[in-house]
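Open the structure in your viewer and keep the selection tool at hand. The tour goes from one selection to the next and says what is there.

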Amino acid sequence: MARFRADFSDSSDSSSEPEVQQELEPSEDERESEEESLRSSSPSSEMHEDELLTSRARRRKHSSRNALIEDEDGEIWYAHEVDSDRRAPNPRVSEPSSSSSPPPRGDPTLTSWAQHIGVDAQKMHVMQTSLFRVPEEAAALKALNQLPPSHLSLRVPLQPLNRKHSRDSDGDGIRPDFRERPSFAYDIEPPIHRPSRKYARVESSESAVQGSEGAFLDAGLAFGRSFRVGWGPDGTLVHLGALCKPSSTQKTSANSSVITRTVFPLYADAAAGATLCGKLLQHHLTHSPIIPDDDDVPFADPDPEFLNFSSFVALFPAADRSYEASLFRLGQALFDDIDLRLGASVTIDIRSRISAVRRKAALSAWLEGAVSPTVEAELRANASADTPTNVFTLLTGHQIEKAVNAAIDGEFWRLATLISQAGGDFEFQQDLKHQIEIWHGERIDVHIDENVRRVYALLAGWVNKVVVGSRGGGLEKCSDVDVLKGLDWKRAFGLHLWYSEPVNASIAQVYQTFNQLVTENQIPRPPPFYSEMKTPLTTSLWNLSSIPPTTDGLFSLIRLHAEPACSLSQILTPLSFGTSPVDYSISWHLYIILSRCMRVRDFADRGDPVGRTRRMDDEISNSDDDDGIKQEGHSPSADLLTSSYASQLENQGLIQEALFVLLHIEGSIGRKKAIKDLLARSAGRLDEWMSRGIEGSLKIPRTWITEAKANYALDNGDIFDAYELFLQAELYDTAHDLAIVELAPDAILRQDFELLKNLFTIFVNHPVIGWHVRGKIFLDYVKIMTYLPRPAVEGDAVADLVQNSRFEDLIKNVPRLIELVPDLFREGSDPRHGVALTEMVAGIMRQVKKYAPSVLAQVNSTFMDESTRLERIQSIGYTRFLSQIN
């Protein structure tokens, strides 16, 4: 509530107006009686009208002195107060200094306002004191008045926005912080208008670019959608200027008309990658039935009985040492079912124990085969090495028999005896450890070959520990032995599996021990396979300095088996399986096998499953007791991986393979849209052979393929072919609009009524939007132009009556037809439309004038030429003449 300040100072004004003080200040008795009467009255703070009445004379007396005036200090005063101060200055009070604040003014002045409006002063004072905190408000207002004008902010501060894209309609936009001004002397400026920035995705049909592609004067509007950043097929990029980082300095300028086409090799060996993808997808298609889902959209459902790691391993020859073959063989060892060949009476705990042992043996066999090329290459490189060195190299590949033979050939009889017991029991390892400690304690390890000590440490299980040599001086100083020094991660993991951990240790325990060394930075993280090879085909073509280092995909599979909490989101990184960050082939196939078929693990963002279940025979059931599989929740990561792989295949020219991958998208709407978009982009390559393959093998509806071809023909200017293809695709509304806008004007101008009739007759049995006010008008126009003059039927009265009835119906329909003709062509940019409209109106008017001239008076159209208008005027006059005669 804004309040007026008209206070008197106790020091300066008490002596200047003694009469006013005596008149306004009541006695103590009167004050107590007034307070008692106020307390005894109603507790409400309402003021009655009779308390506010005052005489007219008194009101006139003070009316000229009640004006509000601003003084030099910015205070608001009444005119009579300023005048009284000027007339009777107090000589006893010195003028205050400019730096001192104005003296405080007390509450007695509040009675002046009560006196002016005719209310009892004491009652007003008591009511104001009880209703408002007058001293506190006065102190606050005085503090504001004491601030210099420069400290008074006239701008209203703005509150912070609550969210990124706030809207004023929601209350989250720009709102002022309302304040009370000290008095009417200070004007508060309105807040600065800052329009909220609203961004929304605009569809192509509603975009400002739609229909303005030919506005070459505004290149940004005409070519804005064409020059968006994006990759073309096979890594093609069209750009202005040079490609560089924002911080780079280039000599060439982007303000040039020279357009550069650059092709980036997305894959190290694109041909080999396409061959591998084709082989894997063909096997996948063979065991993935394609069935329609609940929305009648085709969906690929992988068969878990046939799609496992073993089936993919069979695609590679036994001698194949490629990374992909090794990856699927590892998956077979870790995740495929193992035939235990146990009877039904064997308990579950025994089955679990035997399964763990068999699984560990399968992993050991795979690891031996994976490291054997490295072991053989190292032996060939160190052909002149001594026996202990070769023995240790053979032991890193778990080639025990060859290591024993090498020790015997080198006449290391005792060492050969120990090697034959490699991976033995706990007592054997303890004896070897004790022997090493004796050598160290007696300082005789310096006299033992370092590689012999390394073999002893390996057989003792000291894999994750450095064997410290004796610290003697001079010749007695012995070097330390690090068993894992110079080994790759697969052989280091194998030493833990074969020699360090107990025989009954599980794969998870071996992984945890090895991963602890990685976490503690005692050994490096397992790098991808291509980082160990320096051939051009395995060197990454991308600058990956800003990307965190990735882990080898083989180690990721072991982690997935050992860590139950590990999800596919943590391991399916493209750089773990190849040199390109956009190569999603292996990641997608692993996702299908592990998640869709074997149900081992899934992405972390998989939603909650729905209640319905799907049987293998496509029955839908709501019962939990049925043998069905729950429809799992949606996973955006899964659909993103599928779309990325399909885009990769599309860039490689594998259209059918890309369509098959898109059939695995989980949502029906997204799957349908993705397939149609891919067909539209590849319509130029959809020949008859490919169309039959897509329709027959992938079960994609032929109407989707025909629609893509129709849009492609329309883009190339083949209007009639597009019209026929839209009809084959059962898109009758689109074909109807195309016939009206593009084909009908040419037929009208050429007077080809047979073509015009054939264009629209097909829509009689296929209702379309706006048929009666658009397409049917052309058929009526053809009837008027071809039926009139009416044929005479000789000797057949019934037929003649029918003809007369049709003739009258056509004539009656002419005025309505003339009114609807201008609305046929809604696009005003084509000059053919206006000419066709004029031709239609003129033709109808000629026919009507010739066979029913009286109807011309009922027709009115802006598309008449001068002669037609004159004939209409004559017809109107003739009709009026006949009506007057009759």
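Which residues does arginine 359 touch, not counting residues up to four places away in sequence? Select arginine 359 and look around it: Gln332, Ala333, Leu334, Phe335, Asp336, Ile338, Ile507 and His561 are the residues it touches. Arginine 359 itself sits in helix H12, which covers residues 348-381. Arginine 359 is buried and has no salt bridge. Now select aspartate 337, the nearest side chain of opposite charge, which is 5.6 Å away. A salt bridge would need a side-chain nitrogen and a carboxyl oxygen within 4 Å.

Before the next stop, colour the protein by confidence. This is a predicted model, with a mean pLDDT of 76, and 64% of its residues reach 70 or more. Residues 1-65 have a pLDDT below 50, and this stretch has 81 contacts in the model beyond near neighbours in sequence. Residues 611-630 also have a pLDDT below 50, with 28 such contacts.

Next, zoom out to the whole protein. There are 35 helices and nine strands. Of the 886 residues, 38% are buried. Among contacts with a separation of 6 or more, 61% are between residues 24 or more positions apart.

Now show the aromatic rings. The whole structure holds 18 aromatic pairs. Select phenylalanine 309 and phenylalanine 335: their ring centres are 6.1 Å apart and their planes are at 25°, so this pair is stacked. Phenylalanine 309 belongs to helix H10 (residues 309-313) and phenylalanine 335 to helix H11 (residues 323-335), so the pair ties together parts 26 residues apart in sequence. Phenylalanine 309 is buried, at 0% relative accessible area. Phenylalanine 335 is buried too, at 8%.

For another kind of pair, select phenylalanine 529 and tyrosine 530. Their ring centres are 5.5 Å apart and the planes are at 80°, so the pair is edge-to-face. Phenylalanine 529 counts as buried at 17% relative accessibility, and tyrosine 530 counts as buried at 10%.

The last stop is helix H24, residues 655-662. Why is helix H24 described as largely enclosed by the rest of the structure? Six of its eight residues are buried, so the rest of the structure largely encloses helix H24. Select Ile655, Ala658, Leu659, Phe660, Val661 and Leu662 to see the buried ones.

Technical notes: Residues numbered from 1 in each chain as written. Heavy atoms only, no water. pLDDT = per-residue confidence, 0-100. Contact = heavy atoms within 4.5 Å. Helix = DSSP H or I, 4+ residues; strand = E, 2+ residues; numbered from the N terminus. Buried < 20%, exposed > 50% of the residue type's maximum accessible area, 1.4 Å probe, protein only. Lys, Arg positive; Asp, Glu negative; His and termini not counted. Phe/Tyr/Trp six-rings, centres within 6.5 Å; stacked < 30°, edge-to-face > 60°.
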